[in-house]
Amino acid sequence: MQGTIFSSKSSKIWLLAGIISVAIIIAIMSMPEVLEPLAKYIVKSMGPYWLLAVLIVGVIHGLKPDEHTWPITVSYGLMQRSVRGVIAAVSVFAGALTLVWTLMSALVGELMGLLNTSVLDPYVDIIVGLTMIGVAAYLVFGKHGDHHDVKTADYRLIWIHGLAAAFGGDFFIVLILTIAIVPMITAGLSFLVGFMFGFGSWLAQTIIVLAIYKGVVKSVGDWSVVAEAGRIALGILGLFMIGLGIYSFFTPSG
């Protein structure tokens, strides 16, 4: 009887992890690169209200499925026992992103130079993928605290993951926006570009991840199954990110 119960629960976990992973991969791959032209348009249109403009762009970034937005933070969110834990997990990840973006926008504001960081994207994808697999492996095999025998995300690892992810994709948008806005403000305020971008992204991610978390937990009914599925999905998505990075090496950028 125990074997049957374990097998049934294990099947649910893998099925849910597969559904989550496929849905996220489809979301990431189906999203066109619209943020850069949209960001330029919003900032140009709003002129002196640049702080609000960057916040709006940040919210759009958080809504857009990417390798460092809700498709990743949802995996960490599903591992949490409570809504408070979900918010904490998203905040730690987005906080790491925001820290990097704030520091870089401050630096660019002082230097007013531009590095073509798009060449780093394949490397970042691979590093992020390896980080995700490492976190997932640690949560499966590592010896650490848990909630009622269900292992949950380690916030230190989420933080490291966020720092690595900060240099991917839309990191370039932060630099472009900083260079566009600095002529309108003093260089000392340029850090606000990265900060508001990250803050807006955090707001959007928190809303989406909470909605998915509540929906999935309510549908499945067993939080332990959801937590296990979130952990497995994190590993699957890590493999996907590595593959995406390798693919990028052989695909000429537009």
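These legends describe an overview and several close-ups of one predicted protein model.

The model is predicted: local features need pLDDT of at least 70, side-chain atom pairs count only at pLDDT 80 or more, and totals for chains, interfaces and linings use all residues. Residues are numbered from 1 along each chain as its sequence is written, and side-chain values use heavy atoms, with hydrogens and water left out.

**Figure 1. Overview of the helices and strands.**
The protein has ten helices and two strands. Helices (H or I, at least four residues) and strands (E, at least two) are DSSP runs, numbered from the N terminus. Their order from the N terminus is α-α-α-α-α-α-β-β-α-α-α-α. The protein has 254 residues, and 49% of them are buried. Buried means under 20% relative accessible area, exposed means over 50%, and partly exposed lies in between (1.4 Å probe, protein chains only). A contact means heavy atoms within 4.5 Å. Of the contacts with a separation of 6 or more, 84% are between residues 24 or more positions apart.

**Figure 2**
A salt bridge is a side-chain nitrogen of Lys or Arg within 4 Å of a carboxyl oxygen of Asp or Glu. The structure holds two of them. This view shows the one between the side chains of Glu-36 and Lys-40, at 3.3 Å from N to O. Both residues lie in helix 2 (residues 35-46). They are four residues apart, about one turn of the helix. An α-helix has 3.6 residues a turn, so residues three or four places apart point the same way. Glu-36 is partly exposed, at 30% relative accessible area. Lys-40 is also partly exposed, at 44%.

**Figure 3**
Arg-231 forms a salt bridge with Glu-228. Their closest N and O atoms are 2.5 Å apart. The two residues sit three residues apart in helix 10, about one helical turn. Is Arg-231 buried or exposed? Arg-231 counts as buried, at 3% relative accessibility. Glu-228 counts as partly exposed, at 26%.

**Figure 4. Ser-224 and Ala-227 in helix 10.**
Helix 10 spans residues 223-249 and includes Ala-227. Ser-224 is found in helix 10 too. Ser-224 is buried, with a relative accessible area of 12%. A polar contact of 2.6 Å joins its side chain to that of Asp-222. A polar contact is a pair of N or O atoms within 3.5 Å; within protein, one must be able to donate a hydrogen and the other to accept it, and residues adjacent in sequence count only if both atoms are side-chain atoms. Ala-227 is buried, at 0% relative accessibility. Which distance separates the C-alpha atoms of Ala-227 and Ser-75? They are separated by 8.6 Å, although the residues are 152 apart along the chain.

**Figure 5. Helix 8 against helix 9.**
Helix 8 (residues 171-181) is mostly covered, with nine of its eleven residues buried. Among them are Phe-171, Phe-172, Leu-175 and Ile-176. The axes of helix 8 and helix 9 (residues 191-220) come within 9 Å and cross at roughly 135°. That makes helix 8 oblique to helix 9. Axes are lines fitted to C-alpha atoms, for helices over the stretch in contact, and angles run from 0 to 180 degrees between N-to-C directions. Angles under 35 degrees count as roughly parallel, over 145 as roughly antiparallel, 65 to 115 as roughly perpendicular and the rest as oblique. The crossing of helix 8 and helix 9 is right-handed. On helix 8, the contact is made by Ile-173, Val-174, Leu-177, Thr-178 and Ile-181. On helix 9, it is made by Val-193, Gly-194 and Phe-197. A crossing is right-handed if the near helix is turned clockwise from the far one by less than a right angle, and left-handed if anticlockwise.

**Figure 6. Helix 4 against helix 9.**
The axes of helix 4 (residues 70-78) and helix 9 come within 9 Å and cross at roughly 45°. The two helices are therefore oblique to each other. Their crossing is right-handed. Helix 4 makes the contact through Trp-70, Thr-73, Val-74, Gly-77 and Leu-78. The residues from helix 9 include Gln-205, Ile-208, Val-209 and Tyr-213.

**Figure 7. Leu-63 in helix 3.**
Leu-63 lies in helix 3 (residues 50-63). Leu-63 is partly exposed, with a relative accessible area of 45%. Leaving aside neighbours within four places in sequence, Leu-63 is in contact with Trp-70, Ala-204 and Ile-208. Leu-63 and Ser-201 are 138 residues apart in sequence and 7.4 Å apart in space, C-alpha to C-alpha.
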